[in-house]
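Notebook open, structure on the screen. I'm jotting down what I looked up, in the order I looked it up.

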Amino acid sequence: MDLGVTGKLGGYYLAEQYRKNAAGKSNGVSFAELAAAKAEGQSDVSGMSFKDMWQARFPGAYYHAMDGSKISQGAWDRNDFPLEKFFQNDTDTSAVNWKPTGAEPEATSPQVQSRWNSTLGQKSIIVPPELEEKMKNDPELAKKVMVNVENFITTYTATSVRPGRVCSWLISLDENGEIEKYRVTGGGGNISGPTEEQQRQFEAEQAAKKKRREEYARLNEESALKRKLMEQEADERYYQTNITKKAVSIAAYEGAGILK
């Protein structure tokens with residue numbers, strides 16, 4: 001077995017087939033087919049949730065509404081990370097909150113190989129609850145996220161999976177629907193990491209995300225500082241205005257002979 005990648009990435013008939021494909025077919029209808037049918041005015045997938053689209057496109061795939069960002073990259077990449085828990089329907093938060101204990105086992109150990117083998121040929125996705133809520137209220141966002149996920153699986157399979165290889169896919173999305181982390185596990189006996197190009201692309205994407213977060217934090221900090229300075233200036237002006245008014249009043253009283 002090899003762990004391919006762990007990373008921080010007829011109208012009515014067609015629509016009904018897309019909805020009901022999980023009934024026993026190995027492959028669902030792709031978004032490319034849907035788009036072609038929709039262009040001809042044939043398909044209608046309105047009302048389908050992201051979960052429906054995911055499980056119709058990949059029959060038997062697992063779906064978990066959880067906060068995958070709680071899983072550190074270090075834990076996610078370990079050989080003993082309990083990825084198999086995400087390939088079952090009754091996964092609880094213990095899988096997300098898992099913390100490593102002890103030394104990391106070798107990838108070639110029987111225990112690790114057995115766990116990885118148990119997931120082969122399956123797919124699972126982790127969707128943050130806030131993203132799930134966004135997609136419920138925005139069907140177009142749900143379609144966009146589905147297209148991105150499908151394109152990732154298709155592209156990775158075409159460029160990085162050897163012919164005949166059976167893989168499992170565990171994908172974790174962030175709150176915006178981007179692929180935050182992923183693990184691709186395939187049958188065999190060798191362990192291989194991401195290609196140099198994939199690693200560079202992933203690092204570039206992570207760097208860009210970090211830069212955006214830092215810029216957002218900087219702008220927030222500047223905005224808060226400006227508000228604080230404006231409040232201080234307003235307080236000072238109020239204080240100076242009151243002092244001036246008092247001084248004018250005192251001078252007026254003195255001029256009138258009221259104060260001696």
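Over which residues does pLDDT stay under 50? I found residues 10-26 there, and for that stretch the model has 36 contacts beyond four places in sequence. Residues 35-44 are also below 50, with 13 contacts in the model beyond near neighbours in sequence. This is a predicted model, and a reminder to myself: where pLDDT is low, the predicted coordinates should not be read in detail.

**Confidence, whole chain**

I noted a mean pLDDT of 78 for the chain, with 73% of its residues at 70 or more. Then I went element by element. Helix 1 (residues 11-20) has the lowest mean pLDDT, 36. Strand 3 (residues 123-127) has the highest, 97.

**Layout**

I get 9 helices and 5 strands in the chain. Read along the sequence, the pattern is β-α-α-α-β-α-α-α-β-α-α-β-β-α. The chain has 260 residues, and 38% of them count as buried. Its accessible surface comes to about 15,400 Å², and carbon and sulfur atoms own 52% of that.

**Aromatics**

How many aromatic pairs does a search of the whole structure find? The search gives 10. One of the pairs is F50 with Y63, a tilted one with 6.3 Å centre to centre and 50° between the planes. I checked where the partners sit: F50 is in helix 3 (residues 50-57) and Y63 in strand 2 (residues 62-65), so I have this down as a link between distant parts of the chain, 13 residues apart.

Buried or exposed, what is F50? F50 has 3% relative accessibility, so F50 counts as buried. Y63 is buried as well, because its relative accessible area is 12% and the cut-off for buried is under 20%.

W76, F81, F86 and W98 are linked into a cluster by ring pairs. While on W76 I also spotted a charge: K181 lies over the face of W76, at 5.5 Å from the ring centre.

**Salt bridges**

I searched the whole structure for these too and got 7. Side chains of opposite charge can pair when their charged atoms come close.

D80 with R78: the closest N and O atoms are 2.9 Å apart. Both D80 and R78 are buried.

E84 with R115: here the closest N and O atoms are 3.1 Å apart. This pair links distant parts of the chain, 31 residues apart. E84 is in the loop between helix 4 (73-77) and helix 5 (93-96), while R115 is in helix 6 (residues 110-117). E84 has 21% relative accessibility, so I put E84 down as partly exposed.

E222 with R218: the closest N and O atoms are 2.4 Å apart. Why are E222 and R218 separated by about one helical turn? Because they are 4 residues apart in helix 9 (residues 196-255). E222 counts as partly exposed because its relative accessibility is 33%. R218 is at 36%, so R218 is also partly exposed. Last entry: E215 joins R218 and E222 in a network of salt bridges.

Methods. Residues are numbered from 1 along each chain as its sequence is written. This is a predicted model: local features need pLDDT of at least 70, side-chain atom pairs count only at pLDDT 80 or more; totals for chains, interfaces and linings use all residues. Side-chain values use heavy atoms; hydrogens and water are left out. pLDDT is the predictor's confidence in each residue, from 0 to 100. Helices (H or I, at least four residues) and strands (E, at least two) are DSSP runs, numbered from the N terminus. Contact means heavy atoms within 4.5 Å. Rings of Phe, Tyr and Trp (its six-membered ring) pair if their centres lie within 6.5 Å; planes under 30 degrees apart count as stacked, over 60 as edge-to-face and the rest as tilted. Buried means under 20% relative accessible area, exposed over 50%, partly exposed in between (1.4 Å probe, protein chains only). A charge sits over a ring if NZ of Lys or CZ of Arg is within 6 Å of the ring centre and within 35 degrees of the ring normal. A salt bridge is a side-chain nitrogen of Lys or Arg within 4 Å of a carboxyl oxygen of Asp or Glu. Accessible areas come from the Shrake-Rupley method with a 1.4 Å probe; for residues, only the protein chains shown count as cover.
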